Amino acid sequence: MTAATTEAGTETFGTEASALASQCDPVVSIVVVSYNTREMTLECLHSVFGETRTRFELIVIDNASSDGSAAAIAAEFPGIRLLAESQNHGFAKANNIAAYHARGEYLLLLNPDTVVLEGAIDRLVDFAQRVPQARIWGGRTMFGDRSLNPSNCWGRMTVWSVTSQALGLSSLFRRSKIFNPEGYGGWLRDSEREVDIVTGCLLLIRRKFWEELGGFDPSFVMYGEEADLCLRARSRGARPRITPQAQIVHYAGASEMVRSDKMVRLLRAKLLLIRRHFPIWQRPIGLLLFRLWPLSRFWGTRLLRRRDAAEMWSNVWRRRSEWWHGWPDINTEPLLESEFEHTTRAIKLTTQARYMLVKAKGGFGNRILSAITGTLLAEVTGRVAVIDWRDGEYLDRGVNAYPLLFEDPVGVDVAKFDNRSDVTPAIWAGHLSEHPTDLIERFFPNDHSNPFIYRKLSIDLAHPSADTDLAVFWSYLPKMARIRRQVRALPAYREFSAGEITRRALSRYFTPNDRVRERVDELLRAKSRPIIGVHIRHTDRKVPLARIAAEVARLRKRMPYAPIFLATDNQRVQDDFGTRFDNVIVIEKTLGDDVNSLHEHVVHADPLREAENALVDMWALASCDWLVHSRHSTFSVAAAAIGAIPHSRQRDVDRRNPRVVLKRWLQTWA
């Protein structure tokens with residue numbers, strides 16, 4: 001994390017606004033959390049300076065945006081406090097981090113996709129001073145066309161309100177106070193009123209009261225945090241109020257690229273709210289009814305022939321494993337590591353520690369995803385995972401490529417284990433400096449292609465407990481499916497889907513080095529969104545180029561100006577693709593011939609650079625909004641997992657290829 005602060009305001013707004021921004025005793029500290037909304041954030045900050053006369057300080061925290069937000073904000077507003085984060089903390093935790101730096105009597109939370117109108121902040125502070133008993137204050141929000149955006153406040157969820165939602169009554173009778181109690185019926189937000197919940201896009205609170213409440217609960221990774229805050233505040237005597245005199249434009253959801261993604265996160269937040277704030281006896285019925293809501297919306301929109309909406313709700317229902325249990329409550333369900341941990345988890349290593357050596361074979365897709373299985377198995381057995389990539393696939397044999405390419409959270413030199421003989425399985429005794437291909441060649445020379453051979457070289461996945469302090473895991477392919485039940489038995493992972501568990505492990509063990517991250521950021525920073533990612537492993541996999549091109553053409557028809565990021569291993573394919581489509585982005589790298597893949601049997605002048613090139617390709621694909629690929633290559637499968645690219649935004653050209661599907665199934669369960 002870096003903080004950019006200066007004492008002088010920007011010349012754009014004149015000396016008055018500059019002086020206001022740099023007061024030593026601000027009345028209000030304004031917090032803005034930014035994530036990939038560069039232009040909107042700049043417009044928001046301009047409006048704050050242009051429409052505010054109350055003494056204020058401005059604190060902007062950027063959640064590792066890839067669109068150059070932090071640099072643009074620093075350039076245009078050198079007088080503000082800018083926290084440019086290296087990772088995405090989520091909305092709740094980012095606000096907490098920023099609020100820690102606040103000095104004002106009041107704390108104002110302001111979304112980056114807002115525009116302050118007609119002295120709204122001044123009027124909101126005046127309102128707070130006039131009705132101090134409310135303790136939380138909000139204003140009136142409008143859409144970009146200045147029509148009413150009723151999301152500035154809402155009522156708390158009850159069994160009746162959830163029933164109305166599940167039956168579709170709240171949608172059919174939006175103006176009814178009876179059937180739409182959370183939306184306050186037809187109230188136009190044109191009068192002062194006490195409300196249950198004030199939106200977090202414009203929420204004013206006394207800083208001391210915020211600190212008493214402990215700020216936002218980071219259990220709410222996204223959405224629901226202001227509802228939880230307001231309900232906790234009400235239990236302490238607060239009576240939140242809104243005033244129509246403080247008006248802003250709220251474009252809403254600017255950092256959300258896909259509506260179904262937003263709905264999945266919203267469902268998770270609301271299910272946690274039910275678990276936390278419903279009376280105990282009402283929780284089971286509340287959870288059941290709310291879980292049925294997406295299904296009822298699907299059938300309702302389908303009957304009304306609203307195709308786009310029906311498709312969206314169908315996608316949400318198919319993804320129910322992601323939201324069914326809601327966000328985990330970290331106050332009662334301790335996690336091994338927060339999804340948006342502010343600092344890397346420190347692992348205390350002692351001479352009595354038990355270790356899991358995670359060996360590797362193959363390209364980055366295979367070795368990263370299989371290593372995830374090893375690291376999770378280490379957690380299941382109470383061991384420390386140490387990744388050993390000395391096999392010579394990318395760097396010189398004997399050099400551990402892993403800590404040179406990724407941030408190593410453990411920092412143990414794998415060579416310290418080379419002479420150990422107390423190891424499970426015992427076949428590794430005396431051979432720990434070697435690698436799977438070495439042992440297969442020595443002991444099982446006819447089994448290089450045997451999908452079950454890993455069982456002889458790895459700790460038993462079904463019964464991973466072992467008496468030795470040192471164990472070895474190795475598999476050519478990921479085996480998450482085989483250990484899923486054991487992992488889900490851990491309290492830290494009980495509420496998570498397999499995809500979420502994988503993403504957590506990826507974040508912990510596979511954060512690329514600074515050079516890779518900087519190159520990816522530089523590559524995509526100035527590109528317009530959405531970006532179509534395309535992966536073609538053609539040299540040794542012969543991914544069907546015609547089907548890839550057809551899928552890209554279909555997406556380009558919908559998004560004619562979308563840039564295309566192409567990651568391939570073949571010069572001929574790259575040239576052909578550049579001829580077919582415009583605005584194609586590639587990186588400079590060595591391309592293979594029509595026989596060998598890039599990481600096999602190829603001598604590079606700078607092997608570390610070429611290995612980093614592969615990671616740039618993978619993480620750039622992960623940063624794209626759409627992905628066209630074949631599941632035949634685990635490289636793109638890993639990229640999709642890293643970027644949490646939903647299936648609805650993936651075009652897998654081999655998804656119905658029976659040979660590929662059967663092969664992947666057999667490899668997964670072997």
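Predicted model: local features only at pLDDT ≥ 70, side-chain atom pairs only at ≥ 80, totals over all residues.

Q: What is the phi of Asn 36?

A: Most residues other than glycine have a negative phi. Asn 36 is not a glycine, yet its phi is positive, about 55 degrees. At 25% relative accessibility, Asn 36 counts as partly exposed, because buried requires a value under 20% and exposed a value over 50%.

Q: Where is Tyr 223, and is Tyr 223 buried or exposed?

A: Tyr 223 is in the loop between helix 8 (207-213) and helix 9 (225-234). Its phi is also positive for a residue other than glycine, near 75 degrees. Tyr 223 has a relative accessible area of 19%, so it is buried.

Q: How many helices and strands does the chain have?

A: The chain has 25 helices and 22 strands. It holds 670 residues, of which 57% count as buried. Among contacts between residues at least 6 apart in sequence, 75% join residues at least 24 apart.

Q: How do I read a strand, and what is the order of the open sheet of five strands?

A: Strands of a sheet pair through backbone hydrogen bonds, either parallel or antiparallel. Here the open sheet of five strands has the order 20-19-18-21-22, and its pairing is parallel. Strand 20 and strand 22 (650-652) are the edge strands, each pairing on one side only. Helix 23 (residues 607-622) packs on this sheet and touches strand 18, strand 19 and strand 21 (626-629). The direction of helix 23 makes about 145 degrees with that of strand 19.

Q: Which strands pair with strand 19?

A: Strand 18 (residues 532-536) pairs with strand 19 in the parallel sense over five bridges.

Q: Which residues lie on each face of strand 19?

A: In a regular strand the side chains alternate between the two faces of the sheet. In strand 19, Ile 564, Leu 566 and Thr 568 are on one side, with Phe 565 and Ala 567 on the other. Both faces are covered, and five of the five residues in strand 19 (residues 564-568) are buried.

Q: Which residues of strand 17 are on one side and which on the other?

A: In strand 17 (residues 470-473), Leu 470 and Val 472 are on one side and Ala 471 and Phe 473 on the other, and all are buried. Strand 14 (residues 355-358) pairs with strand 17 in the parallel sense over four bridges; Leu 357 has Val 472 as its bridge partner. Strand 16 (residues 423-424) also runs parallel to strand 17, joined by two bridges, and Val 423 stands opposite Leu 470.

Q: Which residues of helix 16 are buried?

A: The buried residues of helix 16 (residues 436-443) are Pro 436, Asp 438, Leu 439 and Ile 440. They pack against helix 17 (454-457).

Q: What is Asn 400 in contact with?

A: Asn 400 lies in the loop between strand 15 (384-387) and helix 15 (402-405). Its relative accessibility is 14%, so Asn 400 counts as buried. Leaving aside neighbours within four places in sequence, Asn 400 is in contact with Ile 387, Asp 388, Trp 389, Arg 390 and Val 414. A polar atom of the Asn 400 side chain lies 3.2 Å from the backbone oxygen of Ile 387.

Q: How many disulfides does the structure hold?

A: The structure holds zero disulfides. Cys 44 is buried, with a relative accessible area of 0%, and Cys 624 is buried at 4%.

Technical notes: Residues numbered from 1 in each chain as written. Heavy atoms only, no water. Buried < 20%, exposed > 50% of the residue type's maximum accessible area, 1.4 Å probe, protein only. Pairing = 2+ DSSP bridges. Contact = heavy atoms within 4.5 Å. Axes fitted to C-alpha atoms, helices over the stretch in contact; angles between N-to-C directions. Polar contact = N/O pair within 3.5 Å; in protein donor to acceptor, adjacent residues only side chain to side chain. Disulfide = S-S within 2.5 Å.
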